[in-house]
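Please look over the protein shown below before reading the briefing. The notes after it are grouped by topic.

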Amino acid sequence: MKKSKFTLVIVLGLVLCLLCGTTTTFSWFNRPDVQKGDSLSWRGDYNVTNGENITAVTYVATKDDGSEYSTDPFNFSGLTTVSAHETKYFCTEVKNTGNAPQSISLFLNNSETNKLSVGVNSPLRTYKRFTSDSQTSYVSKTQCNVNKKNLYIATNVDDPTKYTMHTWKNVDTDPTDKELSGYIKDESVNYDNVDYNISYVTISMEHDHARLWHYNGNSKEWFGSDLEITDQNNTYVFKADTSTTMKQSGPSAGISSFYSNAEAVVGKTFDLSAKAQGTVTYTSSKTDVATVDGKGQVIAKKAGKTTVTVTSTGAYGDKITSKCELTVSDEPAKSSYIPIVTNMKIEGKADSDPVVTKVYWYIKNDTASSAAYSLGDVQISL
């Protein structure tokens with residue numbers, strides 16, 4: 001008798017495990033963080049690049065499973081009325097028009113104190129109630145794409161301001177013309193027994209080709225040939241006899257990304273390091289509010305505001321800076337950002353067509369009466 005009872009318990013346990021793995025309440029992926037309400041837990045080892053070429057448009061779904069939706073983008077700026085226990089479904093199309101894969105996150109900016117739930121049906125499933133007045137963050141920061149580097153220009157002409165550097169990425173996509181700013185004071189270099197003065201232009205980090213325009217009266221003409229910028233240690237060299245070449249040099253100043261603003265609680269230590277090249281230094285405008293070391297590690301000291309500045313200095317003294325406005329509080333800052341999906345990888349396009357990934361999600365009114373929510377907007381972030 002005892003043996004049959006034991007067998008029955010084992011069978012019931014196996015049935016329960018099978019139900020847990022197949023019903024829609026549970027995910028078919030292993031997501032241990034979902035029970036904590038942190039949104040989807042995607043693998044965190046993606047190569048997050050620069051966030052470029054990514055756009056997102058949200059539509060109202062006309063079917064609960066999100067298989068059909070309107071063709072007009074949804075306007076999040078107004079109030080959205082949700083009846084008691086009603087669910088509203090949405091589809092956000094995320095498009096990558098670039099060749100590089102990107103990892104992105106989607107957040108719902110909700111500034112109200114009403115209770116609502118956010119769930120995702122696809123590509124993974126999750127559901128969690130969020131209350132904006134109970135969401136707190138001990139450290140929050142907003143990344144910004146600085147995307148600037150200097151390209152050194154070595155010249156033996158009298159007036160470099162008559163020349164404009166034309167740079168671009170790959171096959172002349174996103175071309176930019178930059179005027180040479182003149183010589184860097186007291187800086188010169190010798191290549192192949194010829195002395196050159198050093199100038200520089202500030203260009204986009206991803207630009208890998210360069211050529212000169214020469215202004216001749218009211219017109220301009222190409223000067224020299226197209227040259228490839230292979231890394232951060234390049235100097236574009238041109239002579240008065242119209243010949244051009246590319247030489248190696250020390251690293252120029254350059255900052256790929258930093259943070260535009262951040263919030264922290266007194267006593268927290270956190271990372272505000274930039275992705276940069278050259279010699280990188282950090283300063284805090286008010287060290288009594290927060291200090292920062294040479295690696296961008298910040299210690300929040302007391303409540304107040306300070307500006308954390310990162311400076312990249314190149315081999316010839318050229319500089320690029322970026323600033324982050326930091327607010328330090330005695331209490332945790334309330335967060336109005338509700339995660340929809342996090343760290344989602346979108347492959348780069350293999351041909352002329354962009355890669356489109358669709359996220360099907362919903363909001364639900366968990367209260368017993370109708371409520372109007374100001375949902376703000378769907379934010380896209382690295």
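Predicted model: local features only at pLDDT ≥ 70, side-chain atom pairs only at ≥ 80, totals over all residues.

Residues are numbered from 1 along each chain as its sequence is written, and side-chain values use heavy atoms, with hydrogens and water left out. The structure holds five salt bridges and zero disulfides.

**Salt bridges**

- A salt bridge here is a side-chain nitrogen of Lys or Arg within 4 Å of a carboxyl oxygen of Asp or Glu.
- Among the five, Asp192 pairs with Lys247, and their closest N and O atoms are 3.1 Å apart.
- Strands (E, at least two residues) and helices (H or I, at least four) are DSSP runs, numbered from the N terminus.
- Asp192 is exposed, with a relative accessible area of 59%, whereas Lys247 is partly exposed at 23%.
- For these labels, buried means under 20% relative accessible area, exposed means over 50%, and partly exposed is in between (1.4 Å probe, protein chains only).
- Lys358 and Glu93 form another salt bridge, at 3.8 Å from N to O.
- That pair links distant parts of the chain, 265 residues apart: Lys358 is in strand E28 (residues 355–364) and Glu93 is in strand E4 (residues 87–96).
- Lys358 is partly exposed, at 33% relative accessible area.
- Glu86 and Lys88 also form a salt bridge, with 3.7 Å between the closest N and O atoms.
- Both partners count as partly exposed: Glu86 has a relative accessible area of 27% and Lys88 one of 25%.

- Strand E23 (residues 297–300) has a covered face formed by Val298 and Ala300, and an uncovered face formed by Gln297 and Ile299.
- Two strands pair if DSSP finds at least two bridges between them.
- E23 pairs with strand E19 (residues 269–271) in the antiparallel sense over three bridges.
- E23 also pairs with strand E22 (residues 290–292), again antiparallel and over three bridges.
- Ile299 of E23 is the bridge partner of Thr269 and also of Thr291.
- The hairpin of E22 and E23 has four residues between the strands, and Gly296 takes a positive phi near 85° there.

**Cysteines**

- A disulfide is a pair of cysteine sulfur atoms within 2.5 Å, and by this rule the count is zero.
- Cys324 is buried, with 0% relative accessible area.
- Cys91 is also buried, at 0% relative accessibility.

**Gly314**

- Gly314 sits in the loop between strand E24 (304–313) and strand E25 (319–329).
- At 12% relative accessibility, Gly314 is buried.
- Leaving aside residues up to four places away in sequence, Gly314 touches Tyr152, Pro251, Ser252 and Ala253, where contact means heavy atoms within 4.5 Å.
- Gln232 is 82 residues from Gly314 in sequence, and their C-alpha atoms are 10.0 Å apart.
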